[in-house]
Amino acid sequence: MWDMELLLKITLLVSTLLPTAALLVWLERRLLGFWQERCGPNRVGPFGILQSLADLIKILFKHDWIPPFADKPLFVLAPLIGALAVMMSFVVVPLSPGWMISDSHIGLLFFLAMTSLAVYGVLLAGWSSNNKYALLGGMRAAAQTICYEVFMGVSLLGVVILAGSFRLSDIVQAQQGLWFVIPQFVGFVIFIIAGIAESHRLPFDLPEAETELTGGFHTEYSGIKFALFFLGEYLGIMLISMMATTLFLGGWLGPWLPPLVWFLLKTLLLICFFILLRASLPRPRYDQLLAFGWKWLLPLALVNLLVTAAIKLTGGT
Amino acid sequence: MIIQWLFYASATIAVVASLLVITSKNAVHAILYLVVSLLALSLCFYLLGAPFAAALQIIVYAGAIMVLFVFAVMLFNISDEDVRREAQWLSWQAWVGPTVLALLLLAQWVLFIQLAPASAMTETIMVEARAVGATLFGPYLLAVEIASFLLLAGLVGGFHLAKKLPEDNQ
């Protein structure tokens, strides 16, 4: 009754995702160093590649402290919710034709559902810490996520209209002739912006803006729980890159190389783009972020949806 | 068979979580139990063959509306005093009336299920998103339009409340 192959795939995916997320931390620090004309971590192992391992060992030996004034069950639960919700989304990502854990016909909706649940991690961390900076960070996260989630969904509907399916493998197959990044360029840009805001990365890392909120929602967190938040964030970047690849950049499609290699190459390129954004853009003010979301991106996403639907309806491509 | 057991398990979780929503003394905990209840309901929908409704249940209710609820309650700064006051309000006298009424309703419902002719449907049929859309914008178009009017009214009301008044009107 249990499908052994499926179980094996799940185990393999989880056991590659976690080290990859750790490696991503190293990659980000190296690339940031490169773009800012400095070295970055280069002491542990060749090119400093074992830096994350050293960090992990350090963080495991740190005192795992729960503040006495915190709401204890929620304080412990919050980082788990954040990391688990992101990891659940990887279930529907089609890495290659032969490598999908679940090819559900509501795959895209499942992804949206899990990203919308991921906000509880940040929100509850902020509230249960019982600390004003953490609370402010949590509230920012809530407002930002709700705002950007709305048009993330709307921007993806253009793709759904073109492909005629919520199934992610169908969406990839529909891009055989032309990647959706060309007919859906507006949708692609909106999705990337919303993706950065959803994974609260710089320049949209207002929930944890360290210059104004000390650490934001994770001010009170230390040790392994802090590491879980960190893990969730990097898994989030990977997830958004993978989804953008699947939905707009043709997924595993490409000449000569095997499908999985194409998929990973495109994903890596997007991840590097995210890091470049972090290296180059300043953080906007909180009200600017929300005003930009509601007043510009949402109407733009709606117009994009309407135009796509109209073209599809009148029989264009 | 396993689907049936999954359904009963998630239905039980939904009922227990809903009970905890009303008995929780801390408002944030209550909302979280409501989220659990909604997630369990979503699983029920899925097992009954409505994956689209299940996904929307999570995206709209658990993922957006409940987040707004938590957002609002977070601003109230709940202290131990509030929890104590809440505990006072939840005395057993307050429970009697609602419990009796709810039990009456339950009895009616059980009777209704007993009397109703046995359903011929034994297998669950997966309803695709396409079918849901076609039904919504086919036979139920009027209901969709009415619902959209309702939402628009709420939107206009919200805008009115949040609007900055001109200086001389204050």
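A nonpolar core is taken here as a set of buried Ala, Val, Leu, Ile, Met, Phe, Trp, Tyr and Cys residues joined through C-beta atoms within 7 Å. In this predicted model, the largest such core has 114 residues. The residues with the most contacts inside the core are A:L109, A:A113, A:L123, A:L235, A:M238, A:A244 and B:A55. Domain 1 (1–61) and domain 2 (66–313) of chain A both contribute residues, so the core lies between them. Beyond its neighbours within four places in sequence, A:M238 is in contact with A:T20, A:A21, A:L24 and A:I271.

For chain A, UniProt, in an unreviewed entry, lists the feature "transmembrane region" at residues 6–27, 74–93, 105–125, 146–166, 178–197, 234–254, 260–277 and 289–311. Residues 289–311 of chain A are 100% helix and 0% strand. Their end C-alpha atoms are 31 Å apart. Residues 178–197 of chain A are 65% helix, again with 0% strand. Here the end C-alpha atoms lie 28 Å apart.

Chain B contains seven helices and zero strands. Its elements, read from the N terminus, follow the order α-α-α-α-α-α-α. The C-alpha trace of chain B spans about 65 × 45 × 25 Å along its principal axes. The radius of gyration of chain B is 21 Å, whereas a compact globule of 170 residues would have a value near 15 Å. Of the 170 residues in chain B, 15% count as buried. Among contacts in chain B with a separation of 6 or more, 60% join residues 24 or more positions apart.

The contact between the chains takes 18 residues from chain A and 16 residues from chain B. On the chain B side, helix α3 (residues 51–74) gives the most, with 13 residues. By class, this side of chain B has 14 nonpolar residues, one polar residue and one charged residue.

Elsewhere in chain B, B:F7 is located in helix α1 (residues 2–23). B:F7 has 16 other C-beta atoms within 10 Å. A buried residue needs 20 or more, and an exposed residue has 12 or fewer. B:F7 is therefore partly exposed. Leaving aside neighbours within four places in sequence, B:F7 is in contact with B:C44 and B:L47. B:K25 is 18 residues from B:F7 along the chain, and the C-alpha atoms of the two residues are separated by 29 Å.

Definitions and conventions. Residues are numbered from 1 along each chain as its sequence is written. Chains are lettered from A and ligands numbered from 1 in the order in which they are written. This is a predicted model: local features need pLDDT of at least 70, side-chain atom pairs count only at pLDDT 80 or more; totals for chains, interfaces and linings use all residues. Two residues are in contact if their C-beta atoms, placed from the backbone, lie within 7 Å. Helices (H or I, at least four residues) and strands (E, at least two) are DSSP runs, numbered from the N terminus. Ala, Val, Leu, Ile, Met, Phe, Trp, Tyr, Cys and Pro count as nonpolar, Asp, Glu, Lys and Arg as charged, and the others, Gly among them, as polar. UniProt positions are given in the numbering used here, feature names are shortened, and annotations may be inferred rather than shown by experiment. Domain bounds come from an automatic or database domain assignment. The radius of gyration is taken over C-alpha atoms; the globule rule is 2.2 Å times the number of residues to the power 0.38.
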